[in-house]
Amino acid sequence: MDLEFTPEERAFRDEVCAFLKKNLPEELAEKVSAGKELTKEDLLRWQSILHDRGWLAATWPREYGGTGWNAVERHIFAEECALHSAPRLLPFGLNMLGPVLFKFGTEEQKRDILPGILDGSDWWCQGYSEPGAGSDLAGLKTRAVRDGDHYVVNGQKTWTTLGQHANKIFCLVRTSTEGKPQEGISFLLMDLNTPGIEMRPIRLIEGGSEVNEVFFTDVRVPVSNLVGEENQGWTIAKYLLTHERTNIAGTGFSIKDMERYHRLSRQITRDGKRIADNPVYAARAAEIEAELEAMRITNLRMLANAREGAAGGRESSMLKLKGTQVRQAIQDLYRSALGHNAAPMASELSENELAVPVEAARAAPVYFNHRKLSIYGGSNEIQRNIVAKELFRG
Amino acid sequence: MDFNLSDHHQILADSLRRFLADNYKFETRNKQVYAEPWHSQEIWSELADLGVMGAFVTEEQGGFGGSAEDVLVIFEEIGRGLCAEPLLGNLLGIRLLAALGRREMVDDIVAGAARTALAVYEPQVACDLSYLEATARKSGDGWRLTGRKSAVYGAVGADHLLIAARTDDGIGLFLPENPELISATMVDGGNIADLIMDDLPTECVSADCRNVLENALDLGRIALCAEAVGVMTRLTDLTVDYLKQRQQFGKPLAAFQALQHRVVDMLVELDQCRSITIAAVAAFGGGDQSRRVSQAKNLIGRMGRKIAEEAIQMHGGIGMTWEYPGAHYAKRLVMIDHQLGDHVDHVQRLILMSDKPNASA
């Protein structure tokens, strides 16, 4: 048994680390660290820096301009990015559409679509959930009816993350109402500039608007925008869900957040004591940290399995469950440690007048925003269903 | 990065699992562990023949193992088999005797011809040796012990009973002849004893060996964590099987989502417990040893109770019965937290460590 990374893997980590130190703009890292909303320009700027280095598409094979990294290298890269407070990479083009096209796309689709994902000229968003189809995605109703060389799309999608910045969308649409609900779904690409598409922001619990509703009224989409076969969409959607989930636990984010908590707990004082010296907080932090350390090892064990080709859906569901629980526990601890200083939604005070460190000023909104972790990507209840199904099979 | 057992460890694990499955029957176990002498000499000898005792110390010290991984492999199987033989005391004792150069005693213990145990904790001291009160003082050619010891696992029948006591130089270890024991049956089986010492003549093994003692105790904690992981594995298996078999309202309990989700949560925590135990094993002997060991003991203490309670609850009435093995697994799982410092003691230890400047996340 050996928990150490190989010398090559350690050298790779050093290389990533050196690159981030040199190339990650400080103002971006500060924004990420303080939980501030990043602009479209911020996100594209970071994406272009990585693209120049050839490190943007971690899950893509080399022939398509990806890194060709294995699961361990992807893990190291993601962890280091999180530890350096790099902006998150948008998964929609890179981790979702890209891999779908490798597997199900035509040569033309790959040729036409992949470069735009890499150079940032296209911003993809996702049209999966609907008002009536969340966890039960197969119940989706947005219709695509064939009319000559086009589909005519009518319906509504929701929870479309950062759709306000996007110019393209991939959707699951209903192309048949016969047979089981899963059998009549197709995977369709659309240009958001097509007449009949309207995007409306949804304001979230913390006040931000990172998600949207998308309305489709008689939208004409060329048949060549279909990925895979008609009515094969469910297979594609499932492939997406099991593909590349080694970073699903987000251990890098949790480690970083725990560091921030320790920093905060030594900086702020309540009723004559540093939070770090308050026995209740110290105990809570130590217990969460033990869970985080276990999580880190669980993640490594699954990576080792993945390297041997043995990681399955059950593993990634369990990682998602525990990973999100740990992250949410740390966010909760952080908000809670601030006491009444966490109350302002946004402060009018200048940065040097704030009663709390700048990076802590948005702790409560960030906490509320992160309740999403256990809801999206298949809610934690759905993950439990997946594991239970395997467990009680037969 | 490699989480597979070495061939040698895999063979050890397999042979131990087979031996316990074939020879350590639940009904016999329950007859043995709840009454004097609280264990089986026959099982003990066979465990020694399988190499269990020898795996606790290095070749140089007279054994054929001695790593934390050896301890992990053995105690996980001990947990799976719910074996209540007094191995914890034996592990603690042999590590100390080996480290302090008592080769002859070590040889006898490795051969299964002798047993050892350690008296370290006291009615008011459960984890932190700084608070030990029992004292040893020089008297003529020998030493005398005064004070009280509690929670001595496997004391009855131990040939070499080591006693930790405060000396002028620090904390020492002593080997009195025939100390008087006040013994009891543990709630989860096995024997535990108290000692009341009043100027008890004794031989001194070392007058100052706190570090050796701390290391042995940390390894004992790893053993308990590994045992807990073995117990949890078996207990969750039993629970899954039971939910598949038991029919209510015309369908198996496994069809009820309220129960499915709780079982999945048990499995997730079991995975976490296995991971943190691996972390402690990997850290043993390094700078992070105490920190990882305390994290493991804390997490396993909390999750062990949770898994035990959930298992009992999901079995319903049958989980409450003496005749059902699962009940005894659950009982052991809860009581493991009470040994060598519980989850609260270990969180305290973590807090004390994090006050030190060299602590990092």
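Modeller: A:Ala361 sits in the loop between helix 10 and helix 11 (363–369) of chain A. Helices (H or I, at least four residues) and strands (E, at least two) are DSSP runs, numbered from the N terminus. Keep in mind that this is a predicted model, where local features need pLDDT of at least 70 and side-chain atom pairs count only at pLDDT 80 or more, while totals for chains, interfaces and linings use all residues. Residues are numbered from 1 along each chain as its sequence is written, and chains are lettered from A and ligands numbered from 1 in the order in which they are written.

Is A:Ala361 buried or exposed? A:Ala361 is buried, because 23 other C-beta atoms lie within 10 Å (buried means 20 or more such atoms within 10 Å, exposed 12 or fewer, partly exposed in between, with C-beta atoms placed from the backbone). Leaving aside residues up to four places away in sequence, A:Ala361 touches A:Ala34, A:Ser347, A:Leu354 and A:Val356; touching, or contact, means C-beta atoms, placed from the backbone, within 7 Å. Look at A:Ala34 in that list: A:Ala361 and A:Ala34 are 327 residues apart in sequence, yet 7.3 Å apart in space, C-alpha to C-alpha.

For a contrast, hop over to B:Asp199, in strand 7 (residues 191–206) of chain B. B:Asp199 is exposed, since it has 10 other C-beta atoms within 10 Å. Not counting residues up to four places away in sequence, B:Asp199 touches B:Arg144 and B:Thr146. B:Asp199 and B:Ala136 are 63 residues apart in sequence and 8.5 Å apart in space, C-alpha to C-alpha.

Now zoom out to chain B as a whole. Chain B has 11 helices and 9 strands. Its radius of gyration is 21 Å, close to the 21 Å that the globule rule gives for 361 residues, so chain B is as compact as a globular protein of that length (the radius is taken over C-alpha atoms, and the rule is 2.2 Å times the number of residues to the power 0.38). Of the 361 residues of chain B, 54% count as buried.

What about the inside? The largest nonpolar core has 215 residues, and B:Val71 and B:Ile222 have the most contacts inside it. Such a core is a set of buried Ala, Val, Leu, Ile, Met, Phe, Trp, Tyr and Cys residues joined through C-beta atoms within 7 Å. Helix 7 (residues 210–245) of chain B gives the largest share of this core, 16 residues. Among the residues that B:Ile222 touches, not counting those up to four places away in sequence, are B:Val71, B:Leu72 and B:Phe284. In soluble globular proteins, nonpolar side chains tend to be buried together.

Last stop: where the chains meet. The contact takes 32 residues from chain A and 28 residues from chain B. On chain A, helix 9 (279–307) is one of the elements giving two or more residues to the side that touches chain B, and helix 9 gives the most, with 14 residues. By class, that side of chain A has 20 nonpolar, 2 polar and 10 charged residues (nonpolar means Ala, Val, Leu, Ile, Met, Phe, Trp, Tyr, Cys and Pro, charged means Asp, Glu, Lys and Arg, and polar means the others, Gly among them).

Notes
Contact = placed C-beta atoms within 7 Å.
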